[in-house]
Structure formats: C-alpha cells, structure tokens
Amino acid sequence: MFKKILIANRGEIAMRIIRTAREMGIKTVVVYSTADATSLPVRFADEAVCIGPANSKDSYLNIPNIISAAEITNADAVHPGYGFLSENANFSRTCQKHGLKFIGALPEHIDKMGDKATAKATMKLAGVPVVPGSEGILKSLEEAEKIADEMGFPIMLKATAGGGGKGMRAVWKKEDLTDAYNSAVMEAENAFGNGDMYMEKLIEEPRHIEIQIAGDQYGKACHLSERDCSIQRRHQKLVEETPSPFMTDELREKMGEAAVKAAEFIGYEGVGTIEFLVDKHRNFYFMEMNTRIQVEHPITEQVIDYDLIREQIKLASGDKLSGVNHYPKLHSIECRINAEDPYNNFRPSPGKITNLNIPGGHGIRVDTHIYSGYTIPPNYDSMVAKLIATAQTREEAINKMRRALDEFYIEGVKTTVPFHRQLMDDPDFIAGNYTTKFMESFVLDEKYKMEEEEED
C-alpha cells in the first residue's frame with residue numbers, strides 16, 4: 001500500500017481524497033495555485049506545495065511542477081481526481097516514468113477511450129451497442145453530407161476530442177449541415193486544438209444513463225449499477241440520481257453486462273464509467289467512457305455502502321477485485337451547487353462567502369470545500385458543493401432533498417440552490433418523467449429566490 005499520495009487537484013474532490021487516505025493511514029500532499037492558498041485542502045493535507053499562479057495552465061495543468069512536487073515530498077502515488085489532468089495520457093505516462101503510481105487509468109486506456117471515434121470503434125469490436133454513425137473521423141464536409149443522407153436526419157456532429165458540449169451540433173435538416181459542420185470544426189479547433197469531427201444518428205427523447213465500473217490489474221471487472229444524469233444544461237450535469245426512475249431490472253442487467261464486457265475487453269484498471277444514451281424504447285447505445293472518478297460518485301457510494309476512492313487506491317496498489325456486481329439498496333439524489341446566478345442565465349458568481357449554513361440530518365451528505373469567509377476564485381469551475389440526499393424510496397429522497405435545500409444558505413454570492421429547490425417541486429421531475437431535453441422547457445420561478453437575494 002502507498003505511504004504518501006500527492007493529490008493533483010483542488011476543491012471538494014481534493015478534500016474527498018484526503019479524508020479517505022487519512023482513514024487508510026496514508027499521508028497526503030496537495031498541490032495548489034496561489035488562488036487556493038487559503039483553501040481547505042491546503043489546511044487539511046499533511047503537506048502542501050504551491051505549484052504556480054491562478055491560471056490552470058500554469059498550475060493544475062503544469063505537469064513538470066506537479067512531478068517536482070511529488071519528488072521533493074517523496075510521494076509514491078498521484079491521484080488526479082476529476083477534470084484537469086485526470087484523463088491526460090501524457091500525465092499518466094509521465095508519472096510512470098518517474099516511478100509514481102497514477103491512481104487512474106493506464107495511458108493506453110486513456111488514449112483508446114479518450115478519443116471518441118476510437119472509443120466507439122473499440123466498443124463495436126467488444127460487442128457493445130453503439131449509436132449508428134460515421135466510421136471514424138469525417139474526412140470532409142462532402143463525406144458528412146453523404147453519410148447524413150444515408151442515415152437520415154436528425155444527426156449529431158461531435159468533436160472527437162470534445163467535452164462539455166464544445167464542438168457539438170444537432171442538425172435537423174440538410175440545409176443546416178454546412179453551417180453546423182463549419183462552426184463545430186472552428187469551435188473544436190479553438191477549444192481543443194483539434195477540429196476532427198464524427199457523426200452520429202441523433203437519439204430523440206434520450207436519457208443519459210451511466211454505469212459505474214471497476215477493474216483490477218488481473219483482467220477482472222464488475223459494475224456498481226447505474227446513475228441517471230439526464231438533467232443537464234448545455235451538456236453539463238446538474239442533478240444525478242440512482243437508481244434511475246426509468247430503469248427496469250431487465251435493462252439494468254443488460255446495461256451492466258455491456259459495461260463489464262467493455263471494461264474487460266480493454267483490460268481496464270481502476271474505477272471508471274461507461275456512459276450510454278437510452279431512447280424512449282429502452283434501447284441503449286454506448287456514448288463514451290470516463291476513465292476517472294466522476295463528480296457524481298457519492299450517490300453510488302450511498303446506495304451500495306461502498307467507498308469508491310478507497311477502491312481506486314486499493315486497485316492501484318494491486319488488490320484483486322471481488323468481481324461481484326452491486327445493486328442499489330436505497331435511493332440517492334445529488335444536486336450540484338454552483339456559484340452561479342440561475343436568474344441571470346446561470347452567470348458565474350465568484351466572490352466572498354459572508355455567511356454559510358450547511359444542512360445536515362439523517363441521510364444528508366455534503367461534499368464541499370467552502371467555509372464562511374472563503375473567497376470563491378473566478379479561475380475555476382463554479383461548483384462549490386454537492387448536496388446528496390439518500391432514503392429508502394425516491395419520494396423520501398426528494399422530500400429529504402427539499403428540506404436540506406431549505407436549510408442551505410450561502411450568503412455573499414449567488415448560487416443554484418433556488419433552481420434545485422424549484423426542481424424538487426416540479427411535477428415532471430417528481431414523476432421521473434424527464435430526458436436530456438428537460439432544461440430546454442424549464443422556466444425559473446422568481447418565488448424560489450432566496451431571501452438574501454430578495455434583499456439585495
């Protein structure tokens with residue numbers, strides 16, 4: 001087992017890793033930027049090393065500085081968390097070269113699954129259902145037109161190096177294809193330095209359902225059931241729950257089997273997620289694989305009583321997997337609390353937290369790195385907390401979440417708490433009747449504004 005882990009991340013996921021490592025008797029080192037000098041991870045880790053200024057490329061994406069920090073503190077492993085370098089094959093490879101165990105995917109798995117066109121081709125070979133589309137990268141606009149005519153509209157253009165919705169375009173009719181293709185290529189080149197595109201048939205009324213998997217170094221994999229991530233805005237997840245209200249026992253078995261088949265086909269090591277689109281007829285199609293811990297991992301932990309960070313560390317150290325699949329015993333919902341103004345097009349709202357009340361009580365978990373007096377920097381993702389409600393039934397979990405949101409006060413900045421509070425009262429959400437298109441027709445109601453917002 002590792003003696004000291006360097007955490008190449010920040011915020012709530014850094015705190016999450018510190019806590020499990022401490023329970024396992026493992027020392028921790030956090031790296032931080034100048035903007036995070038007063039953050040909780042810096043306070044609670046055994047050691048902390050400043051690796052650069054606020055800009056991510058000069059700090060949290062600065063591989064030489066992170067490796068240097070690991071070497072001067074004698075760390076023997078690196079945990080990348082999620083985001084930043086967590087799915088960077090070069091970082092994984094560099095850790096290997098310097099004798100550091102990367103607590104994440106092997107570089108060859110990141111290479112294979114990080115490129116969406118390659119990942120899709122790999123899953124086809126594994127016998128996992130995939131969305132009909134182009135065979136690899138589109139060579140030209142003319143090829144895109146030919147394939148779209150053969151498949152029929154609507155279609156979806158996707159950047160092969162994409163993420164966060166960048167380089168994606170839904171095209172409903174032939175006349176719009178040229179403009180959509182050109183703008184998607186340009187956006188992808190600006191965002192990722194790679195304008196390569198591929199095409200898929202657009203799945204109408206889709207659910208976004210992912211299967212949590214784990215694999216060991218000996219070729220064995222298992223699944224830990226599903227999470228429904230269909231409540232999204234601009235391809236960014238807002239709320240997740242498990243089990244999915246759309247799921248049946250038969251579909252869960254089929255999707256679980258497909259996810260395990262995918263993981264074992266590539267010999268996957270560590271924890272990861274196979275993401276699927278599921279149509280209204282409950283046909284499911286591979287979408288992508290995330291070769292890292294997910295933001296929404298706590299809801300899986302809550303319903304199967306399983307520490308996924310501990311499992312990551314154990315698998316990376318060479319432990320064998322039991323190979324037993326896990327199924328939800330409870331119901332859990334996660335609301336991502338962002339420092340954003342939902343009444344102003346979800347505009348980021350960094351700044352100083354002047355007062356804070358974090359909810360508690362039975363079945364309530366809050367993963368966060370904020371405190372009263374903390375200044376949320378403008379340089380990073382706007383998520384400041386994850387509020388998780390767990391209960392025996394979905395109805396009870398919604399009621400518990402409703403109560404917890406009423407207790408959650410973050411003063412000094414705008415947050416998405418009012419949006420989540422309204423969502424918990426929405427008839428379609430309560431009925432489990434939602435798809436990835438849910439937010440397109442969701443209208444915010446001013447009556448849910450927090451009291452302190454009304455006084456501004």
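## Around Ile137

Setting aside neighbours within four places in sequence, Ile137 is in contact (heavy atoms within 4.5 Å) with Ala117, Glu143, Asp196 and Met197. Ile137 sits in the loop between helix 6 (116–126) and helix 7 (141–151); helices here are DSSP runs of H or I with at least four residues, strands are E runs of at least two, and both are numbered from the N terminus. With 32% relative accessibility, Ile137 counts as partly exposed, the class between buried (under 20% relative accessible area) and exposed (over 50%), using a 1.4 Å probe and protein chains only. Thr118 is 19 residues away from Ile137 along the chain, and their C-alpha atoms are separated by 8.9 Å.

A quick word on the source: this is a predicted model, where local features need pLDDT of at least 70 and side-chain atom pairs count only at pLDDT 80 or more, while totals for chains, interfaces and linings use all residues. Residues are numbered from 1 along each chain as its sequence is written, and side-chain values use heavy atoms, with hydrogens and water left out.

Five bridges hold the antiparallel pairing of strand 6 (residues 155–159) with strand 8, and Lys158 stands opposite Tyr198 in strand 8.

Strand 9 (residues 207–215) is mostly covered, with nine of its nine residues buried. Arg207, Ile209, Ile211, Ile213 and Gly215 point one way, and His208, Glu210, Gln212 and Ala214 the other.

Strands 9 and 10 form a hairpin with five residues between them, and Gly219 in the turn has a positive phi of about 90°.

## Nonpolar cores

A nonpolar core is a set of buried Ala, Val, Leu, Ile, Met, Phe, Trp, Tyr and Cys residues joined through side-chain atoms within 4.5 Å. The largest one has 77 residues, of which Ile337, Leu387, Phe408, Ile410 and Leu423 touch the most other members. Apart from it lies another core of 48 residues, including Ile209 and Ile211.

Helix 12 (residues 394–407) packs its buried residues against strands 11, 14, 19 and 21 and helices 13 and 14. Among those buried residues are Arg394, Lys400 and Arg402.

Glu12, found in helix 1 (residues 11–23), is buried too, with a relative accessible area of 4%. Its side chain makes a 2.4 Å polar contact with that of Tyr82; such a contact is a pair of N or O atoms within 3.5 Å, where within protein one must be able to donate a hydrogen and the other to accept it, and residues adjacent in sequence count only if both atoms are side-chain atoms.

Note on methods. Pairing = 2+ DSSP bridges.
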